Amino acid sequence: SWEDAVAFPSILHCRHNSRVKTLLKNIIYSFYADAPHRELKVAALLPELLVELSAVQDGAGLSRGQDEIVDKVLYLIRLSPQKYFTTQELAREVFLGASALQERFKKATGTTLHQYQLDNKLSMARALLMTEEAITLKKIAALYGFCDEYHFSRLFKKKYGVSPSVFREHAGRQEAMRPVNPAEAGQRICW
């Protein structure tokens, strides 16, 4: 439905937002990488790019991208969605102490490293559920580093209020609905 759609003007200035650059770079690298599941990785990164572009359009994205250390941590997390990083691992990567990184990350993103990683994995899995009907819950769980499909399903339901299988079924019905023509609004539509 159009309730979930985001309309963007033809030109969107985001040169001051390094997250947009990083996401685009990750999408391009993932697309051209000779790695298994590259299409799935691109499909999972695209919704995050659209969310960031929406934030830029609303003016909220301008404050992000100011902290290169946090940007690097975000990049590392998104680059390996199947891995769970400890605070200590990420702190070593950016040459900071664990508590300093936690504080800096929370200030920049409004959430903890652990919660961000979980939300990121669930968001990517959610995008995959909407676009890839053939992939099993077991494979999605493995792709994003969950212990098993039951653990994934429990966390997904806790965040989104429905199980992944019910969500997938509902998402399939949503796509079957024919939306209004976006050209009438004179804008590009992304969802």
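Helices (H or I, at least four residues) here are DSSP runs, numbered from the N terminus. Keep in mind that this is a predicted model, in which local features need pLDDT of at least 70 and side-chain atom pairs count only at pLDDT 80 or more, while totals for chains, interfaces and linings use all residues. Residues are numbered from 1 along each chain as its sequence is written, and side-chain values use heavy atoms, with hydrogens and water left out.

**First stop: a pocket**

Select Ala-35, Pro-36, His-37, Arg-38 and Lys-41; of the 15 residues lining the second largest pocket, these lie nearest its centre. A pocket is an open set of points on a 1 Å grid over the protein atoms alone, where a 1.4 Å probe fits, with protein on both sides within 12 Å along at least five of seven lines; lining residues have an atom within 4 Å of a point. Two elements, α1 (18–32) and α2 (38–58), each give two or more residues to this lining. α2 gives the most, with three residues. The space inside comes to about 240 Å³, a volume being what is filled by probe spheres set on the points. Colour the lining by class and you will find 10 nonpolar, three polar and two charged residues. Here Ala, Val, Leu, Ile, Met, Phe, Trp, Tyr, Cys and Pro count as nonpolar, Asp, Glu, Lys and Arg as charged, and the others, Gly among them, as polar.

**Next: α1 against α3**

Axes are lines fitted to C-alpha atoms over the stretch in contact, and angles run from 0 to 180 degrees between N-to-C directions. To see the contact (heavy atoms within 4.5 Å), show Ser-18, Arg-19, Thr-22, Leu-23, Lys-25 and Asn-26 of α1 with Asp-71, Leu-74, Tyr-75, Arg-78 and Leu-79 of α3. This contact has four nonpolar, three polar and four charged residues.

**Then: α4 and α5**

Move to α4 (residues 87–94) and α5 (residues 98–109), whose axes are 9 Å apart at an angle of about 90°. That makes them roughly perpendicular, the term for 65 to 115 degrees. Their contact holds five nonpolar, three polar and no charged residues.

**Last stop: α6 and α8**

Finish with α6 (residues 113–131) and α8 (residues 149–160), which pack at about 95° with axes 11 Å apart. Phe-152, Leu-155, Phe-156, Lys-159 and Tyr-160 make the α8 side of the contact.

Notes:
Parallel < 35°, antiparallel > 145°, perpendicular 65-115°, else oblique.
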